[in-house]
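Please look over the chain shown below before reading the notes.

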Amino acid sequence: MHLLPQLRETERRFQHELVVIGVHAGKFHAERETANIRQAVLRLEIDHPVVNDRQFRIWRSYGVNAWPTMAFIDPDGHYIGSQAGEVLASDLVRVIGEMVSQYDAQGKINRGPLTLRSEQSLEPDRPLAFPGKILAATQERLFISDSNHHRILAVRLNLEGDHGTVEAVAGRGTPGLADGQLHSAAFYRPQGLALHGDLLYVADTENHAVRLIDWAKGTVTTVAGTGEQDHYRLNSGGRGPQVALNSPWDVLVHEGSVYVVMAGSHQLWRLDFASGQIQLHGGTGREALVDGPLLRAALNQPSGLATDGSRIYFADSEASAIRWADPGPQGKLGTIVGTGLFDFGDVDGAGDAVRLQHPVGLTWHGGKIYVADTYNNKIKVVDPATRSAATFAGTGDTGHQDGDVAAFNEPCGLSATENRLYVADTNNHLIRVIDLATRRVSTLALNGA
């Protein structure tokens, strides 16, 4: 995901000389299904061709051993070399520019047009586009990250909680980073939401920023992040708007602070209300599953947050784990379920036997953690006391089916009220509602979106 903006800029600069082919070699089982890859291509708005290398044949033929890796091929079809890891657009443009000059001098650059059909052109307009996160503030009030419409919706619910009407919208609907009035402000694929009074904090993921919506004043401001990705993971923090962040994916208000899971740098950060300072709270930046003191622990693309009022819980997505952290700076970080980067599946049970598959969202309710087990297309419930996990809703099949035997499509966000669980059913472009007593699933009817 971090490489895509760099590639877009390079493709723009060399639109007549460069061809990019994405080779997707999926780590998780769900990432090897072509239908799921197509959804990811749509969600990430990828315009170049993508091949499903589900058997890792292309991966092996190029000697690849890391995600991401770029391989370079000359105009004669010969392999030149490869580069592993994230690369800045400025460096990539320089290297490609040198190659173009070299092969132009040999008369080998073909600037003829390529006729490619974009998958985006086949998609219908929808009220929601890949909604990522959701927040049920009360029984009557709901907030939705309409992620690929680059906006936040404030929704008024009916008494039954199965119908909603959009009351206000923050974001102009096109990607960008702009503060100001609700209608003119701009977001870029926003995700997590956290409410503090009438103030809504937003993890503005692809802007690498934390934004603040004041619904009473009708304004949006940036409280952390410069708009540029922090590539170096050496940041210790500072005044919020002056600190570069790295793919903040969720936010949580707790005891005078906003906690932020920084998926891109595999860390947990904390923004102080009073001072406006943001600083590292936990994680070395190394991608691994390591428990211990906060600043010595290691995380794996954390993407969801919740709290029981005491501990902070987070979905450690790449390790398919649910973990906890103390809110105090001298605290510790530990694991409830999940054992490592390549240990995943769909196994209910207890302790180290539990297997999830890339969970992204979670919420606390009734002494348990409800988890959006995203790649398993299920909602599960995890008991931190017994380290147990059990399926709560979903068959595991990809689909959209309501009722007692329900189906989801990569759900990513959860939020609970007293008797309902709201689900951002991301790849279905829908909000689903689960009755916590009966487990019956329905689809939210949304007016005015």
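**Briefing on the model**

His-150 counts as buried, at 3% relative accessibility; buried means under 20% relative accessible area, exposed over 50%, and partly exposed in between (1.4 Å probe, protein chains only). This is a predicted model, in which local features need pLDDT of at least 70, side-chain atom pairs count only at pLDDT 80 or more, and totals for chains, interfaces and linings use all residues. Residues are numbered from 1 along each chain as its sequence is written, and side-chain values use heavy atoms, with hydrogens and water left out.

**Backbone**

- Most residues other than glycine have a negative phi, and most peptide bonds are trans.
- His-150 is not a glycine, yet has a positive phi of about 55°.
- The loop that holds His-150 runs between strand S6 (141–146) and strand S7 (151–157); helices (H or I, at least four residues) and strands (E, at least two) are DSSP runs, numbered from the N terminus.
- Ser-247 is not a glycine either, and its phi is positive, about 50°.
- Ser-247 lies in the loop between strand S14 (237–239) and strand S15 (248–254), and is buried, with a relative accessible area of 7%.
- Between Trp-67 and Pro-68 the peptide bond is cis, with omega near -10°.
- Pro-68 belongs to the loop between helix H3 (57–61) and strand S3.

**Helix H1**

- Helix H1 (residues 3–13) has these buried residues: Leu-3, Leu-4, Gln-6, Leu-7 and Thr-10.
- They lie on the same side of H1, because they cover an arc of only 160° around the axis; the arc is that of the directions from the helix axis to the C-beta atoms.
- Strand S3 (69–73) and helix H4 (89–105) are among the elements that cover the buried residues of H1.

**Sheet**

- Five strands form an open sheet with antiparallel pairing, in the order S19-S23-S22-S21-S20; two strands pair if DSSP finds at least two bridges between them.
- At the edges are strand S19 (292–293) and strand S20 (302–307), each of which pairs on one side only.
- S19 pairs with strand S23 (residues 332–337) in the antiparallel sense, over two bridges.
- Opposite Gly-292 stands Leu-333 in S23.

**Surface**

- A nonpolar surface patch is formed by Val-19, Ile-21, Val-23, Val-51, Leu-114 and Leu-116, which together have about 550 Å² of accessible area.
- Patches are made of residues with over 30% relative accessible area and no salt bridge, and nonpolar side chains (Val, Leu, Ile, Met, Phe, Trp, Tyr) are joined within 5 Å, like charges within 9 Å.
- Val-51 is in strand S2 (residues 50–52) and is partly exposed, with a relative accessible area of 32%.

Methods
Contact means heavy atoms within 4.5 Å. Accessible areas come from the Shrake-Rupley method with a 1.4 Å probe; for residues, only the protein chains shown count as cover. A salt bridge is a side-chain nitrogen of Lys or Arg within 4 Å of a carboxyl oxygen of Asp or Glu.
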